[in-house]
Amino acid sequence: MYLTKEEEQILNGEVGETLKQAIEILVALGDIYGADRLIPIKSAQIAGVSYKTIGDAGLEWISDLQGRVKVPAILNPAGMDLEDWERLGISPDFAEKQKLIIQAYEKLGIRCECTCTPYTLEGFNVSYGDHLAWSESSAVSYANSVLGARTNREGGPSALSAALLGKTANYGFHLDENRFPELSIDVEYPLKGSDYGALGYVAGKLAGSRVPVFHLRTTPDADELKALGAAMAASGAVALYHVEGTTPEICRLDFEEPAERITIERKQLDEVYESLRKACKEPELITVGCPHCSASELEKAAGLLKGKTVSKEFWVFTSRELAKRYPEYIRTIEKSGAKVVCDTCMVVSPATNSYSCVMVNSGKALAYVPGMCGAEAVYGSMEACVEEAVGGTLKKAGGSH
Ligand code: F3S
């Protein structure tokens with residue numbers, strides 16, 4: 001891999017130990033994946049923030065780093081609401097370690113808002129064709145597929161290294177040749193709302209790490225694309241997908257239809273709603289906001305909860321910036337007894353671990369909650385989640401309403 005004179009000096013340790021470690025990580029990845037050089041990035045999004053996932057070893061590693069990031073960098077969700085951690089029953093010991101992790105990142109100049117939807121925040125703009133080093137898989141999918149930017153699915157350490165250097169290794173999804181569709185997926189019936197998360201859950205298992213192109217009968221909006229990509233990144237390892245006539249890059253690509261073409265039937269989506277319902281019949285906890293709720297999802301949750309009272313724990317996850325920007329939605333949601341929780345999520349917070357059956361409206365949460373929280377998960381639309389929270393009995397978990 002070609003390195004400039006300045007990069008060679010960094011690699012030789014002439015600019016300090018932290019940057020030496022950072023460039024070693026990027027060069028090692030570049031060598032493995034055949035990168036020709038390092039390229040500048042516009043921003044970094046760094047996973048590996050929750051004390052639940054990185055533990056003491058991660059805290060120690062981050063605390064030892066010196067210097068400042070060279071590009072705008074932001075954090076993935078932490079293990080708790082940083083301003084109101086007691087609300088979900090987080091222990092003081094956990095909170096103390098979590099705060100130390102945040103302080104260590106802050107010292108490096110990282111913007112300590114913790115969200116998997118950084119593209120909704122002021123001053124964190126992403127344009128078509130931008131090179132990024134992002135690590136949370138739904139954010140990676142959204143950046144690549146919906147915004148037409150270019151990022152590999154970075155690990156926490158490589159995204160942090162890229163932020164410190166302002167560069168990443170030029171391989172994978174940074175290159176034109178790896179962005180063409182490899183698998184065609186036909187869906188020959190209309191989809192709405194949580195159907196996209198169910199479709200992603202099914203499609204991700206079939207696509208693995210390949211790049212699918214969808215031929216759909218309906219045009220998904222931004223929230224539906226977010227849900228589709230998040231689910232595919234979790235049930236499979238899809239980091240880039242296209243939707244014919246909708247996502248930006250496929251409209252500009254001169255591509256041939258992939259040789260492999262599959263159809264996903266309506267009954268396969270119905271099975272996501274139905275079969276998982278059998279896992280547990282009585283959710284004790286209902287959560288929405290994986291990925292973090294957008295403004296329109298907060299508006300929808302507020303509209304559905306207005307004038308109602310929840311009889312079960314109902315957590316709505318979003319970024320702190322959006323919660324501050326839309327106080328009227330937050331007030332309406334919380335008046336029902338539901339909790340709006342920032343900086344964290346149902347998967348990376350230890351709070352979910354004390355429940356045995358959790359209802360979600362996210363294909364990604366459906367894929368991760370059992371393994372990461374030790375709870376069964378049930379899938380339904382946002383409407384079905386609200387219905388369950390205000391006293392429903394899971395009779396209407398379906399999504400197309
Ligand atoms: Fe975001 Fe947590 Fe889901 S990081 S995508 S809300 S698992």
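Select Pro291, which sits in strand E11. Helices (H or I, at least four residues) and strands (E, at least two) are DSSP runs, numbered from the N terminus. This is a predicted model, in which local features need pLDDT of at least 70 and side-chain atom pairs count only at pLDDT 80 or more, while totals for chains, interfaces and linings use all residues. Residues are numbered from 1 along each chain as its sequence is written, and side-chain values use heavy atoms, with hydrogens and water left out.

**Stop 1**

Show the backbone from Cys290 to Pro291. This peptide bond is cis, with omega near -10°. Most residues other than glycine have a negative phi, and most peptide bonds are trans.

Now go to Asp343. This residue is not a glycine, yet its phi is positive, about 70°. Find Asp343 in the loop between strand E13 (339-342) and E14. Is Asp343 buried or exposed? Asp343 counts as buried because its relative accessibility is 3%. The cut-offs are under 20% relative accessible area for buried, over 50% for exposed and partly exposed in between (1.4 Å probe, protein chains only).

**Stop 2: helix H15**

Select residues 382-389, which form helix H15. Of these 8 residues, 6 are buried, so the rest of the structure largely encloses the helix. Colour the buried ones: Met382, Ala384, Cys385, Val386, Glu388 and Ala389. What lies over them? The cover includes strand E11 (285-293), helix H11 (295-305), strand E12 (313-318) and strand E14 (357-360). Contact here means heavy atoms within 4.5 Å. Just past H15, stop at Gly391, where phi is positive at about 125°.

**Stop 3: helix H14**

Select residues 363-373 for helix H14. Its buried residues are Gly363, Lys364, Ala365, Leu366, Val369 and Cys373.

**Stop 4: Ile333**

Move to helix H13 (residues 327-335) and pick Ile333. With 0% relative accessibility, Ile333 counts as buried. Show its neighbours, leaving out residues up to four places away in sequence: Leu298, Ala301, Ala302, Leu305, Val316, Ala338 and Val340. Then draw a C-alpha to C-alpha distance from Ile333 to Gly307. The two are 26 residues apart in sequence and 9.4 Å apart in space.

**Stop 5: Lys339**

Next, select Lys339 in strand E13. Lys339 is buried, at a relative accessible area of 16%. Its side chain and that of Glu313 are joined by a polar contact of 2.8 Å. A polar contact is a pair of N or O atoms within 3.5 Å; within protein, one must be able to donate a hydrogen and the other to accept it, and residues adjacent in sequence count only if both atoms are side-chain atoms. Beyond four places in sequence, Lys339 touches Arg87, Leu88, Glu313, Phe314, Trp315, Val316 and Glu334.

**Stop 6**

Colour by domain: domain 1 (5-174), domain 2 (180-272) and domain 3 (279-397). These bounds come from an automatic or database domain assignment. Over C-alpha atoms, the centres of domain 1 and domain 3 are 27 Å apart. Each of the two gives 27 residues to the contact.

The area buried between them is about 2,100 Å², with 53% from carbon and sulfur atoms. Buried area is the accessible area (1.4 Å probe) that two parts lose on being put together, summed over both. Select Lys52, Arg87 and Leu88: they supply 31% of what domain 1 buries against domain 3, more than any other three residues.

Now show Glu83 and Arg320. They form a salt bridge, the closest N and O atoms being 3.1 Å apart. The rule asks for a side-chain nitrogen of Lys or Arg within 4 Å of a carboxyl oxygen of Asp or Glu. It finds 5 salt bridges across this interface. It also holds 21 residue pairs in polar contact (both at pLDDT 80 or more). On the domain 1 side, helix H3 (51-63), strand E4 (111-114) and helix H5 (137-145) each supply at least two residues. E4 gives the largest share, 3 residues.

**Last stop: Tyr273**

Finish in helix H10 (residues 266-277) at Tyr273. Tyr273 counts as buried, at 2% relative accessibility. Its side chain makes a polar contact with the side chain of Asp195 (2.8 Å).
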